[in-house]
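Please keep the viewer open while you read.

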Amino acid sequence: MSKMLRGNATPIVIAVVAVLVIAIGITLAVNRSKTEPVMMEDKQTEDAMMKKDEEAAMKKEDAMMKKDPMIKDDTMMKDDTVMQDDAMMMKKGSYEPYAASKLALAEKGDVVLFFRASWCPTCRALDADIQENVSAIPDGLTILDTNYDTETALKQKYGVTYQHTLVQVDASGKLLKKWTNSPTLAAIVTQVQ
């Protein structure tokens with residue numbers, strides 16, 4: 001009789017173990033799906049905080065410049081040499097975080113929005129190449145690092161459906177040209193009209 005019970009118990013034990021394994025797998029999957037949106041929200045909160053810190057630093061710098069007696073001196077500002085230096089500084093190419101006010105830089109040159117996602121390997125590679133070669137950005141070209149994950153209104157405005165998209169705009173924000181997958185700064189420069 002005990003042999004008969006052991007023979008019948010084996011399939012039952014296997015079935016119980018299988019049910020437990022499936023239940024644990026489902027529990028882990030549900031818990032993981034609950035934490036992923038939280039991680040995305042944390043990243044968005046972190047990005048927003050970084051943006052606020054950058055804006056605060058810029059305001060502080062502006063306030064310091066206004067207090068500087070050299071900047072208040074109107075005669076210095078009227079000096080032709082200083083004005084030429086200012087014009088050259090504005091023409092110098094740059095790579096900086098996106099801000100709507102920076103679109104006005106297109107009046108004096110070219111502005112390209114680089115829709116970049118931190119999780120995108122090709123975006124990270126291009127970002128690294130631009131940063132390594134920032135001094136090679138041609139005069140008058142401004143590349144604006146635009147967050148693909150948070151700038152949803154801009155993505156919609158320019159029809160951006162893929163990270164690693166570049167959009168050249170004029171000073172009013174009108175799309176001039178759109179392309180994807182430039183692997184290097186040099187490739188971006190060749191695309192600019």
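**Core first, then the sheet**

1. In this predicted model, the largest nonpolar core holds 29 residues, and those with the most contacts inside it are Leu113, Phe114, Phe115, Ile130, Ile143, Tyr158 and Ile188. A nonpolar core here is a set of buried Ala, Val, Leu, Ile, Met, Phe, Trp, Tyr and Cys residues joined through side-chain atoms within 4.5 Å. Buried means under 20% relative accessible area, exposed over 50%, and partly exposed in between (1.4 Å probe, protein chains only).

2. Two or more residues of this core come from each of strand 2, helix 5, strand 3, helix 6 (152–158), strand 4 and helix 7 (185–191). Strand 2 gives the largest share, 5 residues. Helices (H or I, at least four residues) and strands (E, at least two) are DSSP runs, numbered from the N terminus.

3. A word on conventions: residues are numbered from 1 along each chain as its sequence is written, and side-chain values use heavy atoms, with hydrogens and water left out. Local features need pLDDT of at least 70 and side-chain atom pairs count only at pLDDT 80 or more, while totals for chains, interfaces and linings use all residues.

4. The sheet is open and mixed, with 5 strands in the order 1-3-2-4-5. Its edges are strand 1 (94–97) and strand 5 (175–180), each of which pairs on one side only. Two strands pair if DSSP finds at least two bridges between them. Neighbouring strands are turned by 25° against each other on average, direction ignored; axes are lines fitted to C-alpha atoms, for helices over the stretch in contact, and angles run from 0 to 180 degrees between N-to-C directions.

5. Do look at strand 2 (110–116): 6 of its 7 residues are buried. Strand 2 runs parallel to strand 3 over 7 bridges, with Asp110 opposite Leu141. Strand 2 is antiparallel to strand 4, through 5 bridges, and there Phe115 faces Thr165.

6. What does Phe114 touch? Leaving out residues up to four places away in sequence, its contacts (heavy atoms within 4.5 Å) include Tyr95, Leu126, Ile130, Ile143 and Leu166.

7. Leu166 also has a bridge partner in strand 5, namely Trp179. Strand 4 (165–169) and strand 5 are antiparallel and share 5 bridges.

8. Finally, helix 5 (121–132) lies across strands 1, 2, 3 and 4, at about 140° to strand 2. Strand 2, helix 5 and strand 3 form a right-handed β-α-β unit (with the strands pointing away from the viewer, the path from the first strand over the helix to the second runs clockwise).
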